Amino acid sequence: MDERQMIKIEEANRLDALYNLDLLDTPVSESFDRITRMASLIFNLPIAAVSLTDVDRQWFKSRVGVDHQTIPRDRAPCAQVAESTEVLVIPDMAKDDCYKYSPLGKSGIRFYAGAPLVTRDGFGLGALCVLGTLPRETTTEEIASLTDLAAMVMAQIELQHAFGRIDPISGLPNRTQFLDDISDIGQDNTGDMQRFAVLIDLAETKQIDHLSRVLGPAEIDRGVREAARFLRMRLDGRTAYHISATQFAVVTTERVREKCIDDVTALLLGLQAALSFQFMMTPVAGMAPFGSGIDPDDLLRAMGSAAQDARLNGMQVDVFSAESDDRHRRSFRLLQDFDSALLAEGQLSLVFQPRLSLATGQCVAPEVLLRWYHPELGSISPGEFVPIIESSTHVRDMTSWVLDTALRQVRSWIKQGLTVPISVNVSAANLEEEDFVERVIVALLRYGIHPSLLELEVTESAVMKDAGAALQKLQALADAGITLSIDDFGTGYSSLSYLQRLPTTVVKIDQSFVRNLDVGERDESLVPSMIALSHDLGYRVVAEGVETAQAADALTDMGCDEAQGYLYSKPLTARSFQHWFLSRTEPAKVA
């Protein structure tokens, strides 16, 4: 093998070592800039750079005093340093036959000093160099410092690409590398130019769980490798990151939102076709715009939020929405703060909305409603916080707090001569608690309240979530003498056979059917049927959300038994309810 062939092979190996490090055309990095600035200060020179030698160019990973990021490789001193892996000093380019007509020489550069960037295998990647516009000599100490700084550059390169930055399953850079690269991009001074980062989520959690249970985790790893292989092939040199078990991230080059959505949608379609379990995985993507100064963790969270919104909304691609994000963050805060609210004095309170007999006008039982006044956010609508709490582990404590506080109030009313039943809402999660029945009975005993003074409201959906288990608990409550009612009737998916078997005695027709009763022909025909069916099954019927006298008259004509709504009263504090009740009728006596 002649010398020319040897040089060609060595250069090919050198370039392969450079390319495997994935350094070229990556964003600026403060960790490299710090070293470059130090070199400039040590030599007291205006120009310094970390220069990497590509096939036909010198590309600057870091630079001080240089506007452009690349120069031709031809007659570039850094190329000689990379090829020789030796320090090169040019005291005066104007007197150097090799470099005086080089691009640097012709641009006014007179002094150059470069120390090689060498891999552990001995391949020269480029140089850490300093340059000046005046000729000068160097000292031994200066060259030693430049060499040490070049070694620091290589240590930084090895640190960024050492084990721990590459995911062992996909072979792609991991989340740590993604966050570092986003931080570097954020420091690149590109003005207000916006880019998009994309998070690709291969499958829903339940899909992954099902695949792992049936086929084993090795098959999930196989799908991840297939996805990684597809992304490497389709991204045309752009980096894909493996940021969690089945999630990937990409920084796009497309800056137009609509075009980016189209590109990502096409990418997802190709990705799904490339997966072995393409019908058992449904990839979605979340896009988040970002510019200079972005916090990498905030960007990653925004991408994940957008991907979750895509799944929730049945979309392939969704773009981060600050409004949606604010809702999620507020929900999370409410969930966090509810624990403190349970213990704090005055944050949680109860109000009581009267329920009246349409025949007599007397109050049958007030419905107990929970209110929350947050010390910073103010009054929180129960329509907002109750669903959040019901889907969390706080639901047990919430129901316990409501039941305990309500029964304590009943005991207080009894002592003041007012005896009236109360109605308390129960969630689906409560019916799943093994000791729920026992806790309700213990609460009644604690306050000395007769079971007939307590009514528990459950929704159709809560009952049907686990109809068999719910039936057993409801029967035990009914056997204890507690009245049971079905709330929001008509909005769930009840099985008629189960409705016939439930030990419930009251049906509450949801306000969505009642609100437009005097204007909607469909509701005018549907509500009578609901009332008749409920009566046939032995239920007492309550209409919720009655706001007009016309609706009340119509319900009375239809044979509805009871009603509640703003026509009669808004929800009242305990004291206000007591005054309201006593002003209308004598207290009902219940044994």
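Helix α11 bends by about 35° at D337, the bend at a residue being the angle between axes fitted to the seven residues ending there and the seven starting there. The model is predicted, so local features need pLDDT of at least 70 and side-chain atom pairs count only at pLDDT 80 or more, while totals for chains, interfaces and linings use all residues. Residues are numbered from 1 along each chain as its sequence is written, and side-chain values use heavy atoms, with hydrogens and water left out.

Helix α11 covers residues 322-343, 22 residues in total. Helices (H or I, at least four residues) and strands (E, at least two) are DSSP runs, numbered from the N terminus. From its first C-alpha to its last, α11 reaches 32 Å, close to the 32 Å expected at 1.5 Å a residue; the expected span is 1.5 Å times one less than the number of residues. The buried residues of α11 are S324, D325, L334, F338, A341 and L342. Here buried means under 20% relative accessible area, exposed over 50%, and partly exposed in between, with a 1.4 Å probe and protein chains only. The cover over these buried residues includes helix α10, the strands β12 (348-353), β14 (367-374) and β15 (378-380), and the helices α12 (382-390) and α13 (395-415). Contact is taken as heavy atoms within 4.5 Å.

The side chains of R311 and D201 meet in a salt bridge, with 3.2 Å from N to O. A salt bridge is a side-chain nitrogen of Lys or Arg within 4 Å of a carboxyl oxygen of Asp or Glu. Because R311 lies in helix α10 (residues 296-312) and D201 in strand β7 (residues 195-201), the pair ties together parts that are 110 residues apart in sequence. R311 has 21% relative accessibility and so counts as partly exposed, whereas D201, at 11%, counts as buried.

The structure holds 33 salt bridges. Side chains of opposite charge can pair when their charged atoms come close. One of the pairs joins R34 to E30, with the closest N and O atoms 3.9 Å apart. Both residues lie in helix α2 (residues 30-43), four residues apart, or about one turn of the helix. R34 counts as partly exposed because its relative accessibility is 46%, and E30 falls into the partly exposed class at 24%. Another pair is formed by the side chains of D54 and R57, at 2.9 Å from N to O. Both D54 and R57 are buried. Elsewhere, E11, R14, R73 and E83 are linked in a network of salt bridges.

Helix α2 also holds I42, which at 36% relative accessibility counts as partly exposed. I42 forms a nonpolar surface patch with M38 and M152, and together they have about 240 Å² of accessible area. Patches are made of residues with over 30% relative accessible area and no salt bridge, like charges being joined within 9 Å and nonpolar side chains (Val, Leu, Ile, Met, Phe, Trp, Tyr) within 5 Å. The areas come from the Shrake-Rupley method with a 1.4 Å probe, and for residues only the protein chains shown count as cover.

The backbone comes next. N44 is found in the loop between α2 and β1 (47-53), and its phi is near 55°, a positive value in a residue other than glycine. With a relative accessible area of 68%, N44 is exposed. T85 also has phi near 55°, again positive in a residue other than glycine. T85 sits in the loop between α3 (77-84) and β4 (88-90) and is partly exposed, with a relative accessible area of 30%.

T119 lies in the loop between β5 (111-118) and β6 (124-132), yet T119 is buried, at a relative accessible area of 15%. Not counting residues up to four places away in sequence, T119 touches L125 and M154. L125 is also in contact with I157, as are L21, L23 and F32, leaving aside neighbours of I157 within four places in sequence. I157 lies in helix α5 (residues 140-160) and, at 2% relative accessibility, counts as buried. The C-alpha atoms of I157 and S31 are separated by 9.8 Å, although the two residues are 126 residues apart along the chain.
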